[in-house]
Amino acid sequence: MSKEPYSKSPADAADIIHPRVLPFITVHLACLAIFWVDVQPIDWIICGALYVIRMFGITAGFHRYFSHRSFKTSRGFQFFLAFLGQSSAQRGVLWWAATHRYHHKHSDTEQDVHSPVQHGLWYSHVLWIFSKQGRAADFSLIKDFRKYPELVWLEKWERLPPILLGVLVWAVAGWSGLFVGFFLSTVLLFHGTFTINSLSHVFGKQPYVTGDSSRNNLFLAIITLGEGWHNNHHHFPSATPQGFHWWQIDVTYYVLKVLSVFRIVWDLRLPPAHVVEGKRKLPLVTIEKAAQQLAASFSIEHIGKAVLNAWEQTPKLEELRNRARIGQSEVEAFLKEMKIPEMPSIGNLKHQAEKMFAHIPSLNPIVERANHIIVQAVSVWLLQSDMCEASIGA
């Protein structure tokens with residue numbers, strides 16, 4: 001399994017691998033057969049049961065165990081969780097976990113293939129999985145589980161679990177059980193899981209600064225057995241519970257807690273009190289992402305144009321151009337020396353940061369980094385503007 005890096009923006013129609021879409025569409029179309037079969041109450045019971053059980057395979061297995069190692073278990077139950085997760089037809093366990101680890105590493109940046117902020121809601125919800133970049137995965141991120149031959153074998157035969165489950169449901173409940181119990185629950189499971197990639201980065205509350213757009217959403221938490229507390233999760237990804245407070249419903253954690261009583265799983269990792277209270281020192285990567293968000297709330301083009309208009313008839317513009325010939329660092333130094341009304345001050349940045357962020361020990365690192373980002377971005381804009389004028393003049 002080789003590494004296939006994400007090299008370009010996925011928001012390109014040519015990036016979609018069209019044949020890969022066909023099985024996905026076929027599963028959806030199979031649900032229409034419920035209008036031609038004699039549906040029985042047991043079929044709906046199977047549908048609901050398979051949705052909940054397989055959602056647990058995704059949330060407890062693929063996500064909290066294989067992606068984040070938030071608890072420990074035996075090798076046998078590890079394989080069971082992998083098999084159960086793969087019965088949802090959401091590809092192999094190693095691919096899923098590696099892709100999710102990559103998402104956390106680059107959440108809501110251009111490298112995040114399923115970010116609604118970068119690529120739009122529909123693409124982040126479903127289309128990304130049919131793209132060249134979505135199909136690829138950096139398997140070097142999952143070395144800790146690639147050492148198990150049974151997981152590598154299961155990854156190779158990724159379609160075996162859903163096929164076996166489908167045959168079993170058909171044998172027990174016939175055609176109506178297959179179309180309602182298996183196919184319909186699979187489609188509902190697809191889109192229930194996908195909402196965490198899409199909707200939970202758009203709708204909800206952000207009690208913690210994470211440097212991305214992750215949000216807490218009660219409705220999504222209910223339909224995904226607790227995954228909807230997504231801002232909590234991005235704040236402290238290694239925690240077993242994603243509901244940090246008693247009133248935040250997290251069915252997956254409740255089940256894992258019961259399993260821990262029987263020692264089927266153990267060492268469930270809880271978020272420390274200072275993390276829940278938002279008093280943890282922010283990691284550098286979070287400061288960088290938050291600063292990027294803060295800087296992006298100001299228009300670089302507006303600031304640059306204001307500088308050029310204000311200095312057009314003054315020696316300052318000529319001095320700027322002279323420094324531009326030396327390099328960008330000189331332009332940045334010049335901008336810091338000058339008092340530019342359009343350039344947001346530290347006070348302006350802090351005021352904006354207070355509106356954007358909450359539950360952090362100090363805004364200063366974010367504000368200082370955002371100030372540097374803005375100065376740097378304005379200097380680049382002015383340099384490009386000056387080069388454009390020079391080329392026109394020539």
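Which residues does L121 touch, not counting residues up to four places away in sequence? They are P116, S198, L199 and V202, where contact means heavy atoms within 4.5 Å. This is a predicted model: local features need pLDDT of at least 70, side-chain atom pairs count only at pLDDT 80 or more, and totals for chains, interfaces and linings use all residues. Residues are numbered from 1 along each chain as its sequence is written, and side-chain values use heavy atoms, with hydrogens and water left out.

**Overall picture**

- The protein chain has 20 helices and two strands. Helices (H or I, at least four residues) and strands (E, at least two) are DSSP runs, numbered from the N terminus.
- Of the 394 residues in the protein chain, 53% are buried. Buried means under 20% relative accessible area, exposed means over 50%, and partly exposed lies in between (1.4 Å probe, protein chains only).
- Among contacts in the protein chain with a separation of 6 or more, 73% come from residues 24 or more positions apart.
- The accessible surface of the protein chain is about 19,200 Å². Carbon and sulfur atoms hold 64% of that surface. Areas come from the Shrake-Rupley method with a 1.4 Å probe; for residues, only the protein chains shown count as cover.

**Two residues and their contacts**

- L121 belongs to helix α6 (residues 121–125). L121 counts as partly exposed because its relative accessibility is 38%.
- L121 and L199 are 78 residues apart along the chain. Their C-alpha atoms are separated by 7.5 Å. L199 is also one of the residues that L121 touches.
- I58 sits in helix α2 (residues 41–67). Its relative accessibility is 3%, so I58 counts as buried.
- Leaving aside neighbours within four places in sequence, I58 contacts H63, G85, S88, Q90, W96 and T193.
- The C-alpha atoms of I58 and Q86 are 8.1 Å apart. Along the chain, these two residues are 28 residues apart.

**Aromatic rings**

- The structure holds 20 aromatic pairs. Rings of Phe, Tyr and Trp (its six-membered ring) pair if their centres lie within 6.5 Å; planes under 30 degrees apart count as stacked, over 60 as edge-to-face and the rest as tilted.
- One of these pairs is F79 and F83, with ring centres 6.3 Å apart. Their planes are at 40°, so the pair is tilted.
- Both F79 and F83 lie in helix α3 (residues 75–86). They are four residues apart, about one turn of the helix.
- F79 is partly exposed, with a relative accessible area of 27%. F83 is partly exposed too, with 29%.
- W170 and W175 have ring centres 5.8 Å apart. Their planes are at 65°, so this pair is edge-to-face.
- W170 is partly exposed at 40% relative accessibility, while W175 is exposed with a relative accessible area of 51%.
- Y65, F66, F71, F145 and Y148 are linked into a cluster by ring pairs.
- The charged end of R91 sits over the ring of W95, 4.5 Å from its centre. The criterion is NZ of Lys or CZ of Arg within 6 Å of the ring centre and within 35 degrees of the ring normal.

**Nonpolar surface patch**

- L218, I222, I249, V251, Y254 and V255 form a nonpolar patch on the surface. Together they have about 470 Å² of accessible area.
- Patches are made of residues with over 30% relative accessible area and no salt bridge: like charges are joined within 9 Å, nonpolar side chains (Val, Leu, Ile, Met, Phe, Trp, Tyr) within 5 Å. A salt bridge is a side-chain nitrogen of Lys or Arg within 4 Å of a carboxyl oxygen of Asp or Glu.
- Helices α11 (218–223) and α13 (251–261) each supply at least two residues of the patch. The most come from α13, with three residues.
- I249 lies in the loop between α12 (230–235) and α13. I249 is partly exposed, with a relative accessible area of 35%.

**Backbone exceptions**

- Most residues other than glycine have a negative phi.
- R263 is not a glycine, yet has a positive phi of about 60°. R263 is placed in the loop between α13 and β2 (265–266), and is exposed at 54% relative accessibility.
- D267, also not a glycine, has a positive phi of about 55°. D267 lies in the loop between β2 and α14 (273–276), and is partly exposed with a relative accessible area of 48%.
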